[in-house]
Structure formats: C-alpha cells, structure tokens
Amino acid sequence: MKIAALLPHVEVFGGVRRYLEIGNELTKKGHTFVLFTPTGEKPQWFEFIGTIRPFEAMGGDSFHIGLISEYSILPYFDRIQATAKFFYFLLEGHRKEKEAARKPFYFLGNSEGICRRLEKKHGIRCFCAPGGINPKIFHPVEKASAPPRTAESAFKILCYGRVYKKRKGVHLVIKAVEKLQRKFSQVELIFFDSFVGEDRVDPRSLIKTSVPHEFHLNLPQDRMAWLFSQADLFASAERRAGWANTAAEAMACGLPVVCTPSGTGDFAFPGRTALVIPYAHPYFLSRGIKRLILDEELRSRLARAGHDKIMEFTWEALAGRLEKVFQEVLGSSGQGLTP
C-alpha cells in the first residue's frame, strides 16, 4: 500500500510521535509511507525511516490511503489523491470535531472510548486504533540495590511538565502533592518536557511549588527509560485525552500509575493495572498517591500488571491493526490496491 499522512510539524508531541512510529512500522511491513509537512523537514529527535516531503509536493502522486488528525491543515488534505481518506481522532471534544465528522472520510479513533463517543454523538463508524508503546525506548530499568526505605526516604512522583496546557492537569498534580507534603515531608516531584516552537516559554519557569522538585528538559529518547526509573510512581490528571501517552509510557517503564479515566480506558483498569481516580481533582489525586505511598505491595502489583497490559499496545501491533482496517476499506470500495 501507498500511504500519505499530513502533519503541521514534527516537534515533540504525542500526536507527532504516533505518526512517526506508525510510519516506521508500516514501512518495515513493506508499505510506502510518505509524511507531508509544511517544510518537509525531518524530525531531529526521532529516527524516521519513511519519506518526508513538503506540502508543495502534494498532488504529484496518488495513494491508496490518506491520513490526517490535525484540524488546522484540513484544507491541504484536498490536495492528496487517495482512494480512501481517514481522519484519525486523537482528542475528545475539539471545537471542530463536528466539522471533521461531516467530511466524506473514513474515521479512526485512538481509544475505544473516543470511538464509542464519536459513533454515538455523530452517527459515524469509527475504527478503533489505540496505542502505542515503543518497548525499545520505554522499558523497565533495573535499579541498583538500595537500602530499605525508611520514613525519611524520598518518595519521588513523576509528572509530565507541560504545565501551559491546562488539560494535561499538571497544576492539579502539584496541588495534590502539596496537600500530601503536610503529612509526608519526603515527597518530591520530577517533571519532564521539551521546548516546542521558537516562542515557547521555558516550562521550568512556570512551576511554582514548595515541594522539592527537579525538571528534565529535552532529554534524548534513549534517556526516557532512565528518567522513569528515577520515580516511585507516575501521576496524571489529564482531561479530554484520546490516548494518554505519558501514562502508557510510565506503565511500559514499570511504574505504578495514578490517573484519570481520560485516555486510559484501554489499559488502566481500576485497582488492577492502575489507580484510576473518578475526577481530575487534587482531592482524588492525593488520595490515590497516598495509597501508593503507604502500600509498597500495591505499588509492586500495579506496576507488574500495568506493564503486562500495556505491552499489548505496541506500535507494531497498532500498525497491524491499521493494515487490516485499510485493506478492509479498500476492499469494500471495490478498487482494491489501485489508487
């Protein structure tokens, strides 16, 4: 198959990683994957083995599949000549969601929850395509033997640091840990993020808290597993997520996770693979984190079960699922593999 996808940039975002990883896996399977961006510039943070071309090169070739997720570049999608065009929903409740759902496209959703919601709200068929994880980047790191934990031992809570995006809930995690600090003076926070765009404010300057903390900025991909290994648990308070990338990555690295249901319904099962709080609120977050601080056995059990579950959602598995969906649609169109 010949597959064309559109992105507005190739900076460090979960939605961008999704396309780069999918493109790599489909290329490994023998398909042609061409990624169109405004400039055709290759990502500096990720090794992409597909083809990248600028928007100005669109229209010079035909494809079996066209793929897009970003509303802002939808007008450019008209230039792609493809037998079947897919809109891949990655977030819930975007203001242009209805507009996209009315297009003459096929539809994908990056979680079971988002698919069912779209089908109910807009009356469309949405193929479920959740995932994914790259186990070569996100995996448990064996820690050096350490002395037994005491009441004075630091308890480190990892949280995504993109605080300027309120739906990520970083400020809620901070408030929850500040609340816990009154009783557990040993709590510490670890944040991570990367600069995105020339005008981005340094995220480190936006973190205001009395809790001892450190911020890792622009870590290379081969250091991500090390970063996750520095923490005792991962906390997330996302809202309107399609697929909660960082929670999935934490599970892949063997961390117990406290999270909201947003974007985690495919892999975070309450009390089995994660502690899932009902609402994105500091009160519920602090309760979940407190449970894990006090219960080492629970931390270990959730970490093992979470890792086993998330390994079902590798990018390789997602590429296989997409391959079947694309073949089904092309077959039903009666045009097969002739673009």
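Where is lysine 166 found? This predicted model puts lysine 166 in the loop between β8 (155-160) and α5 (170-181).

## Lysine 166 and its patch

Lysine 166 counts as exposed because its relative accessibility is 61%, and the cut-off for exposed is over 50%. The residue also belongs to a positive surface patch. Lys175, Arg239 and Arg240 form that patch together with Lys166.

Strand β4 spans residues 62-68. It is mostly covered, with six of its seven residues buried.

β4 pairs with strand β1 (residues 2-6). The two run parallel, joined by three bridges. Isoleucine 3 has isoleucine 65 of β4 as its bridge partner.

β4 also runs parallel to strand β5 (residues 81-89). Six bridges join these two strands. Serine 62 stands opposite glutamine 81 in β5. Phenylalanine 63 stands opposite alanine 82, also in β5.

How many of the nine residues of β5 are buried? The count is seven, so β5 is largely enclosed by the rest of the structure.

Besides its bridges to β4, β5 pairs with strand β6 (residues 106-109). This pairing is parallel and covers four bridges. Phenylalanine 87 has phenylalanine 107 in β6 as its bridge partner.

## Reading the strands

In a regular strand, side chains alternate between the two faces of the sheet. Here, the parallel pairings link β1 to β4, β4 to β5 and β5 to β6.

Conventions. Residues are numbered from 1 along each chain as its sequence is written. This is a predicted model: local features need pLDDT of at least 70, side-chain atom pairs count only at pLDDT 80 or more; totals for chains, interfaces and linings use all residues. Side-chain values use heavy atoms; hydrogens and water are left out. Patches are made of residues with over 30% relative accessible area and no salt bridge: like charges are joined within 9 Å, nonpolar side chains (Val, Leu, Ile, Met, Phe, Trp, Tyr) within 5 Å. Accessible areas come from the Shrake-Rupley method with a 1.4 Å probe; for residues, only the protein chains shown count as cover. A salt bridge is a side-chain nitrogen of Lys or Arg within 4 Å of a carboxyl oxygen of Asp or Glu. Lys and Arg count as positive and Asp and Glu as negative; His and the chain ends are not counted. The place of a charge is taken as NZ of Lys, CZ of Arg, CG of Asp or CD of Glu. Buried means under 20% relative accessible area, exposed over 50%, partly exposed in between (1.4 Å probe, protein chains only). Two strands pair if DSSP finds at least two bridges between them.
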